[in-house]
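Colleague: I have not looked at this one before. Can you put it up and walk me through a few parts?

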Amino acid sequence: MLTLENVSVSYDGKAAVVDVSLDLPDGEVLAVLGPSGCGKSTLLRAVAGLEPTGAGRISWDGSDLAGVPTHKRGFALMFQDGQLFTHLTVARNVGYALRLRRTPDAAKRVGELLELVGLEGYGDRLPGTLSGGERQRVALARSLAVEPRLLLLDEPLSALDAGLRERLAGELREILRAAGTTALMVTHDHEEAFTVADRLAVMQDGRVVQEGVIAEVWRAPADPDTALFLGYARVLRGDAATTVLTAAGLPGAAAVAVRRSALSVSADGALAGVVVSSRATPEQVRLVVDVAGLGEIDAVGPLDVHPGPGEGIRLAVDPTRLAVIPGA
Amino acid sequence: MRWSRPLTLAGLAVVPVLVLGLFFVLPVSGMLARGLWPHGSFEPGGVLEVLGRPRVHRVVWFTLWSASAGTLVSVLLGLPAAYALHRLDFRGRGAVRAALLVPFVLPTVVVGVAFRELLGEGGPLGFLGLDGSPVAIVAGLVFFNVSVVIRAVGAAWESLDPRPGEAAAALGARPVQVLRTVTLPALRPAIVSAASVVFLFCATAFGVVLTLGGLKYSSVETEIYLLTTNLLDLPAAAALSILQLVAVVSLLVVAGRLRAVPDPSVARAVARPRRPARGDRLVLATTALLLVLVAAPIATLVTGSLQVEGGWGLANYRALATNGTHQALLVPVTEALVTSLRTAVDATWMSLSMGLLVAVLVTRRSRTRTERRVRGALDGFFMLPLGVSAVTLGFGFLITLNHPPIDLRDSPLLVPIAQALVALPLVVRTIVPVLAGIDDRQRQAAASLGAGPLRALWTVDLPVVWKPLLAASGFAFAASLGEFGATSFLVRDEHPTVPVVIFRLLGHPGAMNYGMALAASVVLAATTAAVMFAVERLRVPSVGAF
Amino acid sequence: MSSSFRALAAKLAATLLLTVGASSCSAVGEKSADQTPSSDEVVLVTHDSFGLPKKLVRQFEAESGYTLVVHRSGDAGTLANKLVLTQGNPTGDVAFGVDNTFASRTLDADVFAPYAHSLPAGADDFALPGDDDQRLTPVDNGNVCVNVDDTWFADHDLAPPTSLDDLTDPAYEDLFVLPGAATSSTGMAFLLATVAAYGDAWPDYWADLMGNGAKLTAGWEDAYYVDFTQGGGKGERPIVLSYDSSPAFTVPKGSDTSNTSALLDTCFEQVEYAGVLEGAENVDGAEQLIDFLGSPEVQAALPESMYVFPVADGIDLPADWASYAVQPSDPYAVDPADIAAHRDDWLREWSDVTTR
């Protein structure tokens with residue numbers, strides 16, 4: 001189990017990570033989510049032993065890791081762009097750590113790992129001949145080869161295009177589950193975090209502002225910024241918040257975060273508004289609707305209903321797609 | 001953890017810093033101290049008085065403008081040649097590249113004689129009346145240094161991403177505009193480094209100025225030589241040495257600023273050399289001109305070496321196995337060649353191992369501003385040997401390394417060590433850009449997979465750096481083969497190197513000795529060309545950004 | 001300064017540098033081997049032009065019981081300055097090659113220890129004026145003289161010059177080439193000849209000389225080989241500054257006359273000395289070597305090995321020398337103390353005159 005207690009890291013005199021405490025039990029996948037520059041990568045590098053901690057303690061199963069160099073921590077680190085050794089074949093990349101440890105039957109193990117990441121038969125190719133997705137899979141297999149105590153993933157999928165990212169995120173989760181790997185992933189993509197992780201820590205300006213089981217964090221963001229970062233479309237306050245909450249049949253609150261799909265076209269919806277614009281996507285129709293008391297707001301409709309601008313419609317509010325923000 | 005980085009830094013630095021401290025800083029400061037404390041007490045007044053002399057002003061002015069002119073012409077001629085030899089593909093490209101490097105190692109004594117044979121009153125170019133003129137000096141400087149520009153800029157050009165240029169062309173830029181707005185700015189770091197190294201070489205050139213200037217011109221370097229060896233006016237020599245050091249340090253600082261570090265994590269597309277097209281005629285013509293400029297003095301040497309008693313023959317070459325007429329030499333030239341090669345091997349591994357340490361040291365990513373400053377300062381520190389006169393160093397050895405346990409004045413190791421110090425900046429400048437281009441995260445990836453620092457070096461750095469390392473060793477080897485200034489001071493009598501032997505042959509009357517000197521020069525040039533050509537055959541992709 | 005310390009330090013430095021294994025063809029291993037400390041060595045510090053036949057070296061080693069180690073570097077000036085800088089802690093036991101133009105500087109700096117030498121007959125004439133406690137022993141002498149290419153003058157129906165004054169005669173315009181005084185000891189000797197000849201008016205002479213198209217080069221080899229018509233290259237100047245012995249080297253095969261001759265009224269005499277260094281480890285060896293340099297064998301070998309004349313009387317010269325190398329009877333001379341006192345000023349003024 002990885003434990004971080006009041007960890008602070010400064011880089012070139014500037015505080016990058018401030019007073020972070022986290023626990024990561026064996027077998028779990030924790031995602032650290034935050035905008036770029038929030039200190040999440042520095043945190044990951046501190047865990048890897050690549051940055052010295054200014055204060056606090058990083059420990060594994062209770063033993064302090066200070067002074068243990070990177071290569072003796074047994075934590076494999078997988079970079080955003082894989083960082084494969086370009087002069088080595090795929091098989092030699094994957095088997096790199098096995099050779100370091102003089103593991104017997106390394107070739108067999110490499111084969112299994114390549115199969116695990118869906119790249120059987122790629123062993124003799126050079127990294128330069130692979131696509132971005134394939135390279136990331138090789139990097140993953142290489143990291144898993146040593147059966148690390150902890151896998152550190154630095155934005156593992158963000159260099160890939162959207163479709164591939166979505167598919168690979170699912171596969172990554174399957175692979176981590178299958179291998180029973182404990183993993184710490186940093187990402188700025190909340191969907192990636194949702195797909196891969198069990199638990200979530202949200203970082204802003206070097207601090208962890210919220211941490212918990214992923215569904216809980218998602219349902220109750222700690223503050224407006226976190227809500228927006230978790231994929232909520234906007235945060236409504238005051239009367240607007242009350243209007244939406246009332247329409248959803250919920251008690252009023254000072255602020256509420258609304259997902260894009262929280263308001264949907266429905267003949268018996270509680271809110272009435274006028275369509276400002278509409279656009280069909282393969283999944284649904286996306287609308288911008290002017291609702292009295294709310295102003296212009298996003299809404300969705302089924303594909304068979306396609307109201308034009310100026311048309312009056314009614315909108316229902318889905319209470320599961322709202323999050324009340326306490327104290328805002 | 002907190003102390004391990006500074007400790008690693010110190011550990012890597014200790015050997016090269018000690019070596020440079022013992023064999024460079026100590027001797028040079030010893031000489032400066034003699035000048036500043038002439039009678040046992042600190043008298044900086046003498047130094048200030050020297051700097052006020054009108055002659056010194058003339059000397060400094062001449063040094064500045066001749067070095068600037070030499071640098072400018074080297075860059076102007078070198079750029080087209082760098083393009084032709086690194087971006088175009090034609091037969092004999094490798095041979096031309098190797099040939100253009102030969103001057104780099106020829107002893108200045110010989111080149112001086114060759115240039116004067118060419119430009120002198122009776123020579124084929126005598127009608128130009130250039131003998132003893134500043135034009136001849138600048139031509140000599142270009143002859144020696146243009147290869148540095150070709151190497152450094154050519155290597156950068158070779159690995160230049162062609163896509164921004166293509167994008168500019170797609171936006172309607174004519175080839176000249178592409179060159180001016182995209183290519184040259186991208187090459188600026190390489191051009192600046194090459195120009196600064198060439199400027200240093202030009203400003204500290206010694207033999208060229210003396211021989212080709214017909215004594216009408218004095219540079220800071222020749223002045224230091226005269227003040228030290230002839231007049232023993234150590235305060236004046238110290239004044240000029242300090243001036244030289246200050247100038248070198250400021251030049252290095254400016255060059256360092258101008259030499260922006262390219263983003264190492266960017267993936268580059270590398271263009272393949274293409275066949276020459278119509279538009280390349282001007283470039284190819286310039287390269288041909290340059291080849292002629294380099295070949296003419298060498299051709300003079302070769303024809304001179306083949307002349308025997310009014311006819312032609314190989315007698316001068318056969319005589320290389322003898323001691324010369326009237327016992328001019330203690331050992332035959334053939335034996336000196338063996339000594340030269342062995343010394344060069346030693347100098348090469350010394351400069352290579354030190355250079356590698358230094359390069360690793362200065363390219364590791366710094367975590368704090370202080371650390372970055374320390375690394376930057378070390379980078380400059382190891383360039384300093386370029387800026388100090390060999391005679392200052394030579395005399396410095398005598399007066400500082402003279403107390404047990406470091407009485408090394410007669411040690412045979414001094415020769416390769418001195419040569420290694422001369423070659424060190426070349427080695428460092430060749431390896432640093434390559435190491436700096438390696439993404440540090442590669443090493444971190446290796447470490448996270450369980451590789452220790454050495455293993456990570458082996459996995460990540462070595463595969464990238466071994467070819468540039470070979471190229472650097474070629475450079476070091478050649479620089480050592482041709483080194484004369486420091487070597488002549490330190491060499492052991494029984495084991496002279498070829499340049500020393502050539503100098504001795506030229507110093508004795510007798511037509512045969514003169515012919516042998518020329519023949520020995522040709523042999524030295526051919527050996528160098530062979531070494532360089534062998535290095536070229538390794539097809540180093542991107543080497544030598546100074 | 002024991003030599004075992006020296007070896008230790010060398011090894012230390014080697015280990016320091018041995019971060020990478022030396023390749024098998026490296027010279028380090030072998031060279032370290034001949035650094036074996038030895039107390040029966042005599043170390044001679046000298047300039048680049050020193051040379052003795054191997055046979056004589058062996059003879060000295062057999063007679064004295066010492067091994068001779070020679071360190072040569074630089075010219076006479078470099079040697080003198082090196083000795084001054086290492087005064088009291090020399091790099092050898094004995095020095096050879098300090099000449100009469102630099103001798104005073106070394107004496108003023110107490111570089112040499114007195115040695116009651118026994119000079120061979122005739123050598124007394126060459127003793128250094130002012131060296132009263134016999135610190136320097138004369139070994140050889142030679143003259144720097146203007147040389148002319150007699151064949152060229154014959155071809156051009158022109159009488160060759162004979163004196164310093166002639167060299168400023170317009171008849172000889174653009175015909176003279178000489179090494180500069182600042183960069184060449186030969187050139188310096190010629191400057192001293194003009195100082196001796198013209199006294200304080202010497203700068204005027206030089207102005208005339210330069211006005212008459214005299215050409216300066218950095219070194220003697222440059223002037224002789226590149227610019228002189230008899231130098232083997234494509235030189236175009238038939239008058240050159242060289243030595244009284246030079247005509248012996250321009251005798252064509254099968255001929256019995258030399259193509260060149262030295263102008264005996266233009267010469268400056270150079271005498272080279274040897275001396276025991278103050279602080280020498282092996283004083284006995286040093287003194288034996290000085291005696292040996294004065295022996296008839298070495299004196300006879302000097303012309304062939306160092307292109308200079310012996311100081312001893314009654315030495316047989318080589319055949320070519322006897323016929324073609326004529327020594328001046330009354331060369332120019334300048335008091336060594338004067339040279340020491342004025343060298344800087346003279347050179348500075350000379351530089352001004354010649355670059356004007």
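**Around Cys38(A)**

Modeller: Leaving aside its neighbours within four places in sequence, Cys38(A) is in contact with Met203(A), Gln204(A), Asp205(A) and Gly206(A); contact here is C-beta atoms, placed from the backbone, within 7 Å. This is a predicted model, where local features need pLDDT of at least 70 and side-chain atom pairs count only at pLDDT 80 or more, while totals for chains, interfaces and linings use all residues. Residues are numbered from 1 along each chain as its sequence is written, and chains are lettered from A and ligands numbered from 1 in the order in which they are written.

Colleague: Where is Cys38(A) found in chain A?

Modeller: Cys38(A) is in the loop between strand S3 (29-33) and helix H1 (40-48) of chain A. Helices (H or I, at least four residues) and strands (E, at least two) are DSSP runs, numbered from the N terminus.

Colleague: Is Cys38(A) buried or exposed?

Modeller: Cys38(A) is buried, with 24 other C-beta atoms within 10 Å. Buried takes 20 or more other C-beta atoms within 10 Å of a residue's own, exposed 12 or fewer, and partly exposed is in between; C-beta atoms are placed from the backbone.

Colleague: What separates the C-alpha atoms of Cys38(A) and Tyr232(A)?

Modeller: They are separated by 19 Å, and the two residues are 194 residues apart along the chain.

Colleague: Switching to helix H5 of chain A. How many of the residues of H5(A) are buried?

Modeller: Twelve of the 14 are buried, so H5(A) is largely enclosed by the rest of the structure. Among the buried ones are Gly133(A), Arg135(A), Leu140(A) and Ala145(A).

Colleague: What covers them?

Modeller: The cover includes strand S6 (75-78), helix H4 (106-116), strand S7 (150-154) and helix H6 (162-179) of chain A.

Colleague: And what span should H5 of chain A have?

Modeller: The expected span is 1.5 Å times one less than the number of residues. For H5 (residues 132-145) that gives 20 Å, and its end C-alpha atoms are 20 Å apart, which agrees. Just after H5(A), Glu147(A) takes a positive phi of about 45°.

Colleague: Now the strands. What does S14(A) pair with?

Modeller: Strand S14 (residues 271-280) is joined to strand S17 (residues 312-317) of chain A by four bridges, running antiparallel. Seven bridges join S14(A) to strand S15 (residues 285-291), also antiparallel. Pairing needs at least two DSSP bridges between two strands.

Colleague: Which residues stand opposite each other?

Modeller: Val274(A) has Gly312(A) in S17(A) as its bridge partner, and Ala280(A) stands opposite Val285(A) in S15(A). S14(A) and S15(A) form a hairpin with four residues between them.

Colleague: On to chain B. How many helices and strands are there in chain B?

Modeller: Chain B has 22 helices and two strands. Of its 546 residues, 56% count as buried.

Colleague: Which residues have the most contacts inside the largest nonpolar core?

Modeller: Val153(B), Ala520(B) and Val94(C), in a core of 260 residues. A nonpolar core is a set of buried Ala, Val, Leu, Ile, Met, Phe, Trp, Tyr and Cys residues joined through C-beta atoms within 7 Å. Helix H6 (residues 134-158) of chain B gives the largest share of this core, 17 residues. Apart from it lies another core, of 108 residues, among them Leu160(A) and Met203(A).

Colleague: What is Val153(B) in contact with?

Modeller: Beyond its neighbours within four places in sequence, its contacts include Gly78(B), Leu79(B), Leu187(B) and Ile191(B).

Technical notes. Two residues are in contact if their C-beta atoms, placed from the backbone, lie within 7 Å.
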